[in-house]
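Here is a friendly walk through one protein model, from its charged pairs out to its surface. Have the viewer open and follow along.

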Amino acid sequence: MASSFIPTDSPIHQLAGDLGANGLPYSLPIHPNLVHLTIGLFVIAVAFDIAGALYPVEKRVFRFLALPITRQGFHDVGWYNLLACAIFSFFTVAAGFFEMLLAVPLPGVTSSIGLQSMETMLWHGVGGVLILLVIIAMTVWRGYQRFVWRKDMGRQVQWLYLLVGMGMFLVIGLHGTLGAELAAEFGVHITADQLLAAGADLKEALP
C-alpha cells in the first residue's frame, strides 16, 4: 500500500507561532539599526578621506585654530571606518533577508513611487546585495591604495575612488528610501501600523 504524502508547513510558517511583537522572534527589528551603522561608517570613511585629500588647502585653517591634525590621521579614520563598514555590512544584509522572510506587508498598498510591497522588497533585497559587493570592492581598492599603490604618498586615495564614494552616497540614499517605504508605507514589522490599518484602537489593542 502506497503511503500518502502529507505536506507540512514550511520552516518559516512553523516559526510563525513563536513570533512576538512586530512579527519577529525578538522585540525590535535589527536590520534598520545595522543599516544606519553601515551608512554612518561609510559616510565617515569617505568624508575623512576627502578631508585628507584636501589637506593642503585646509592645513592653514588647522594651524590657525591650533588643531594638531595630520593628513595621515584623516586617512587612518577613512580606512578603519571603511573596513568596519565592510564587516558590519554582512550582518546588515543577513539580518535584512531574515526579517524580509518574516515580513507581512499591509495589503492593497502602493508606495509613493508606485511599487507594490513585493516589488519593493525584491528591489531592496537585490540592491542590498549589490551595495554590499561594491563596499567590499571599495575596501579592497582602498587597501591597495593604502598599502601598495600610494603607501609613500601624502594623499592616500585616488580622486576616482572619492568620486565613486560620493556616487555611492546617492545610491545608498535611494536604496534607503525603499527600506523606509517598507516600514512607513507597508507597515513591515510595525505592529502599530498593522493594527491601525485593521481599524483597531491602539489604546485597547496595545498593552
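Are Asp49 and Arg142 buried or exposed? Asp49 is buried, and Arg142 is buried too, where buried means under 20% relative accessible area, exposed means over 50%, and partly exposed lies in between (1.4 Å probe, protein chains only). Before going further, a word on the ground rules: this is a predicted model, in which local features need pLDDT of at least 70 and side-chain atom pairs count only at pLDDT 80 or more, while totals for chains, interfaces and linings use all residues. Residues are numbered from 1 along each chain as its sequence is written, and side-chain values use heavy atoms, with hydrogens and water left out.

Now to the charges. Side chains of opposite charge can pair when their charged atoms come close. The structure holds 2 salt bridges, each being a side-chain nitrogen of Lys or Arg within 4 Å of a carboxyl oxygen of Asp or Glu. In one of them, the side chains of Asp49 and Arg142 meet at 2.8 Å, N to O. Asp49 belongs to helix H2 (residues 31–53) and Arg142 to helix H5 (residues 117–149), so this pair ties together parts that are 93 residues apart in sequence. Helices here are DSSP runs (H or I, at least four residues), numbered from the N terminus.

Asp76 and Arg146 also form a salt bridge, with their closest N and O atoms 3.0 Å apart. Because Asp76 sits in helix H4 and Arg146 in helix H5, the pair links parts that are 70 residues apart in sequence. Asp76 is partly exposed, at 24% relative accessible area, whereas Arg146 counts as buried at 12%.

Stay with helix H4, which also holds Phe74. Phe74 has 10% relative accessibility and therefore counts as buried. Leaving aside residues up to four places away in sequence, Phe74 touches Phe48, Asp49, Ala51, Gly52, Tyr55, Glu58, Phe62 and Ile69, a contact being heavy atoms within 4.5 Å.

Note on methods
Helices (H or I, at least four residues) and strands (E, at least two) are DSSP runs, numbered from the N terminus.
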